[in-house]
Amino acid sequence: MRAPLTTRILGTNPADIDAAAAVLSGGGLVAFPTETVYGLGADACHGRAIADVYAAKGRPSFNPLIAHVDSLARAETLVVFDARARALAAAFWPGPLTLVLPQRPDNGVSDLVTAGLDTLAIRVPTHPVAQALLAAFGGPVAAPSANPSGAISPTRAAHVTDGLSGRIDAVVDGGACDVGVESTIIGLADAPTLLRPGGVPVEAIEACLGTPLQHMKTGDGVSAPGQLRSHYAPTAPVRLNRMVAGTGTLWLGFGPNCAGADRNLSPSGDLHEAAANLFTHLRALDDLAKGQTIDVAPVPEHGLGLAINDRLRRAAAPRG
Ligand code: TXA
Ligand code: MG
């Protein structure tokens, strides 16, 4: 266990981005904004730094990490693209899509990033601060969401420091994340498979590929933290599909028919707005809850609603 660190808060000016890149080059841990959520970044080729990421998050080390790069060209040096992967990258990169592809031998990425798998999850984020940091660093940055394992993902720098202050070297404060739920993860080692719904709607991916995606069943293969049942969890108990405000409970609404809700994911019923608000509203209600249950209104199961409902089901899953 490392001694407590002083976590620096960095801005997004060029000098601070260079300082953040220098911390990464020295094997340190830097949280940074992406369009989905804040990531906890470390040099993907530096085994000790990756071990520190797992330790800082308290994450089971069998759960592999996503490598972030600034461009398709750099991604091609790490993994092998086929026609399907190229089509998805052309349509959705930079952006909230992660592709799981066969690794190139000797790509230098630490086995701790992939948990020993022969595939690597890779993504090119579109957030300008993430782009600037990845370009300044000049290599792959492994970055899980910057929260203690199992807790609510961070969409603001203050969420990161709430959970990880003293355990990481720096946070680059780039404001609130636009998308608000993590990237969609597509496995392409075999038939195209949805490994986690996220910021790119499944319908858009299927339209691009021209085929339906296979769906990963819970309990299959690699356990992703996004696939552990209880995850993204507030401290308060969570119940789903509640259309009325209960007594002694807090109510998280969605859409125009939730008068009296303590928070509303999107009063107009817009799924993009709801995704962007999801983790912030869950945190705010958790702070207010003090033992009360959080009841959540139904969210439609299409577009970004798939990712929102996936996170809500895990937040409501039995803890343990
Ligand atoms: O939007 C995002 O994806 C954010 C930002 C920071 O980029 N990152 C993120 O990372 O959500 P994390 O570690 O919280 O989730 C990564 C997911 C996990 O469910 C992990 O198991 C899965 O990716 N994963 C990573 N490598 C994999 C692989 N080789 N095969 C299958 N799943 C993999
Ligand atoms: Mg996560």
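Where does D106 lie? In this predicted model, D106 lies in the loop between β5 and α5 (111–114). Its phi is near 60°, a positive value in a residue other than glycine. Most residues other than glycine have a negative phi. The peptide bond that joins W93 and P94 is cis, with omega about -5°. Most peptide bonds are trans.

The overall dimensions were examined next. The protein chain has 10 helices and 15 strands. Its C-alpha trace spans about 60 × 50 × 35 Å along the principal axes. The radius of gyration is 19 Å. For 320 residues, a compact globule would have a value near 20 Å, so the two agree.

One open sheet is formed by 11 strands. The strand order is β1-β8-β2-β3-β7-β4-β6-β5-β9-β10-β11, and the pairing is mixed. The edges are taken by β1 (8–10) and β11 (214–215). Each has a single partner strand, so one side of each is left without a neighbour in the sheet. Within this sheet, β2 (residues 30–32) pairs with β3 (residues 39–43). The two strands are antiparallel and share 3 bridges. F32 has G39 in β3 as its bridge partner.

Helices pack on this sheet. Helix α1 (residues 14–25) lies across β1, β2, β3, β7 (141–142) and β8 (170–172). It runs at about 135° to β1. Helix α4 (residues 83–92) also packs on the sheet, where it touches β5 (97–102) and β9 (184–187). The direction of α4 makes about 160° with that of β5.

Helix α4 also packs against helix α8 (residues 202–209). Their axes are 10 Å apart, at an angle of about 130°. This angle makes α4 oblique to α8. The crossing is right-handed. From α4, the contact uses R84, A87, L88, A91 and F92. From α8, it uses A204, I205, C208 and L209. By class, the residues of the contact between α4 and α8 are 8 nonpolar, no polar and 1 charged.

A further open sheet has 4 strands, in the order β12-β15-β13-β14. Its pairing is parallel. The edge strands are β12 (238–239) and β14 (263–264), and each pairs on one side only. Strand β13 (residues 249–253) runs parallel to β14, and 2 bridges join them. G253 stands opposite N264 in β14.

Helix α9 (residues 271–289) packs on this 4-stranded sheet. It touches β13, β14 and β15 (293–296). The direction of α9 makes about 170° with that of β13.

Helix α9 also meets helix α10 (residues 305–316). Their axes come within 9 Å and cross at roughly 30°. The two helices are therefore roughly parallel to each other. Their crossing is left-handed. Residues L271, A274, A275, L278 and F279 in α9 meet G305, I308, R311 and L312 in α10. By class, the residues of this contact are 7 nonpolar, 1 polar and 1 charged.

Conventions
Residues are numbered from 1 along each chain as its sequence is written. Chains are lettered from A and ligands numbered from 1 in the order in which they are written. This is a predicted model: local features need pLDDT of at least 70, side-chain atom pairs count only at pLDDT 80 or more; totals for chains, interfaces and linings use all residues. Side-chain values use heavy atoms; hydrogens and water are left out. Two strands pair if DSSP finds at least two bridges between them. Contact means heavy atoms within 4.5 Å. Axes are lines fitted to C-alpha atoms, for helices over the stretch in contact, and angles run from 0 to 180 degrees between N-to-C directions. Angles under 35 degrees count as roughly parallel, over 145 as roughly antiparallel, 65 to 115 as roughly perpendicular and the rest as oblique. A crossing is left-handed if the near helix is turned anticlockwise from the far one by less than a right angle, and right-handed if clockwise. Ala, Val, Leu, Ile, Met, Phe, Trp, Tyr, Cys and Pro count as nonpolar, Asp, Glu, Lys and Arg as charged, and the others, Gly among them, as polar. The radius of gyration is taken over C-alpha atoms; the globule rule is 2.2 Å times the number of residues to the power 0.38.
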